[in-house]
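Trainee: I would like to learn how to read a model like this one. Could you take me through it feature by feature?

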Amino acid sequence: MMAAAGRVVENQVSESSEVNRMDNPVCPVSLEEVTLADVEVLECPYPTYAYLREHAPVYQDPLTGMYVVTRYEDQRQIALDYDNFSNWRPSNDHANLTGNARLAYERFLENGWVPGESLAARDDPEHKQMRSIFDHAFRPKRINAIDHEVEALAYELIDDVVAGQDGVCEFVSQFAVPLPLIIICRQMGADMEDVWQIKKWTDAWIRGVGFGLSAEDVLKYTDLEIQAQHYFQAIFDKLRRTPDDSLLSDLVNIEVPGWGRTLSDNELHAEMMQDTFVGGSETTTNALSAGVMLLARNPATWEKLRSDPERYLKTFCDEVVRLESPAQGMSRTAKNEVVVGGVRIPKGAQVDLRYAAGNRDPEVFDNPDEIDLERRNAGAHLGFSTGTHYCLGAPLARRELYWGFKAFIDRIEHFRLIPEKNDLRHLPNYSLRILKELHIEFTPVK
Ligand code: HEM
């Protein structure tokens with residue numbers, strides 16, 4: 001799922017951009033100062049989102065040229081308007097790639113596989129045809145079958161945390177990363193001893209779509225992606241010879257309806273990084289980390305959640321995805337000239353649906369910046385999008401969040417952030433919200 005926005009901006013912004021740099025949180029004082037292509041704004045984007053929602057809900061960012069859409073209803077309208085908006089991305093247009101994107105493309109051609117158009121980057125009817133094999137692979141019966149694995153792994157990981165050290169842990173690397181990563185690795189036929197190598201590849205992939213990269217960086221990250229491709233290619237070949245009951249076996253072997261063929265190697269490689277390992281595990285990791293951070297900052301919510309997890313956990317999971325939106329924004333391309341929120345979006349423009357801003361729209365959510373375990377419309381957030389591109393992995397992610405938080409509640413009596421160890425900063429990334437570390441001190445349940 002993850003892709004385009006980062007690649008679109010990578011050539012156009014730099015980490016040292018001085019525009020709009022103020023103390024954190026960054027609050028723009030006039031529209032001329034607003035850009036999302038600034039790492040300090042993205043570090044704490046919510047004041048900027050609020051400002052844009054109010055003053056310029058469809059705003060052309062001066063640095064990226066993208067039309068940033070921040071109101072919930074406008075986002076819904078665009079996400080559901082397939083006549084006027086496409087998921088096609090400039091990175092699909094290989095003949096016209098320039099700069100760093102061209103460099104990477106040539107490196108893939110030489111040593112690996114040029115990633116094909118991913119599921120998330122296609123439009124219906126092709127998208128629907130391709131999605132049908134994904135829907136089969138992620139069918140409810142299979143997600144139910146995986147559920148006990150998710151539960152067991154969540155308790156195994158938290159028990160290791162509790163047993164391991166003197167009541168302290170770094171929650172991101174010890175729990176939030178391994179839970180979804182190990183689950184997706186099992187479903188993708190990877191050896192468990194390779195899990196941390198795969199994490200290095202996904203980290204490199206994310207950095208490769210980040211800010212202000214030099215040509216050298218781009219080649220370094222592309223080479224790491226090519227290494228990953230060779231690793232996964234061996235698994236595709238094996239599954240073609242000997243299909244099994246894993247999710248990846250379905251993706252490799254089932255013919256796409258209407259295409260008369262299975263997915264090509266290039267198409268499969270695009271799915272491995274964007275849609276499954278990064279789109280699938282990174283996002284869930286970030287929701288788990290964000291959830292524990294929110295609980296640490298809201299002790300009353302922690303007490304309430306612990307008082308009746310069965311009643312409150314589902315809403316809590318939705319509130320985490322709404323408030324911290326691991327996928328902050330997704331891009332679309334305007335197929336025609338369209339007016340949205342009174343602003344003319346020209347044909348061919350890139351549009352950034354900033355779901356994280358829509359998810360705090362006061363027109364839709366009361367007290368939108370607060371976590372509320374009684375919120376009636378908590379599930380109405382756009383954190384998993386809506387319409388034909390609605391997150392394929394949402395049912396799996398919801399189970400991982402449910403069991404991740406449940407295990408945490410069941411094993412931890414009290415906890416707090418360790419102030420001297422946490423700066424609570426995120427990795428610079430245009431599309432994803434990635435908390436780097438979360439050091440906590442805890443008392444286990446006796
Ligand atoms: C908390 C965790 C997750 C969040 C917040 C999230 C968010 C999203 C969002 C916002 C989209 C829509 C993109 C758009 O509007 O263009 C999406 C699509 C997608 N997600 Fe997720 N996701 C999560 C977990 C997962 C998991 C666990 C998987 C798979 C293992 C997954 C696979 C996908 C795929 C394949 C798509 C593309 C669907 C399509 O275009 O038809 N996601 N996700």
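Mentor: Gladly, and handedness comes before anything else: a crossing is left-handed if the near helix is turned anticlockwise from the far one by less than a right angle, and right-handed if clockwise. Helices (H or I, at least four residues) and strands (E, at least two) are DSSP runs, numbered from the N terminus. This is a predicted model, where local features need pLDDT of at least 70 and side-chain atom pairs count only at pLDDT 80 or more, while totals for chains, interfaces and linings use all residues. Residues are numbered from 1 along each chain as its sequence is written.

Trainee: In which hand does α11 pass α13?

Mentor: The crossing of α11 with α13 is right-handed. Axes are lines fitted to C-alpha atoms, for helices over the stretch in contact, and angles run from 0 to 180 degrees between N-to-C directions. Here the axes of α11 (residues 215-241) and α13 (residues 265-297) come within 10 Å and cross at roughly 115°.

Trainee: Which residues make the contact of α11 with α13?

Mentor: Two residues are in contact if their C-beta atoms, placed from the backbone, lie within 7 Å. Helix α11 brings Glu225, Ala228, Gln229, Phe232, Gln233 and Phe236, and α13 brings Asp265, Leu268, His269, Met272 and Met273.

Trainee: Now the strands. How many bridges join β9 to β10?

Mentor: Two strands pair if DSSP finds at least two bridges between them. Five bridges join β9 (residues 412-417) to β10, and the two run antiparallel; His414 stands opposite Thr443 in β10. Strand β10 (residues 439-444) is also joined to β4 (residues 168-170) by three bridges, again antiparallel, with Val168 opposite Glu441.

Trainee: What should I look for in the backbone of the loops?

Mentor: Look at phi and omega. Leu424, in the loop between β9 and β10, has a positive phi of about 55° although it is not a glycine. Asn367, in the loop between α16 (355-358) and α17 (394-411), has a positive phi of about 40° and is not a glycine either. As for omega, the peptide bond from Asp124 to Pro125 is cis, with omega near 5°.
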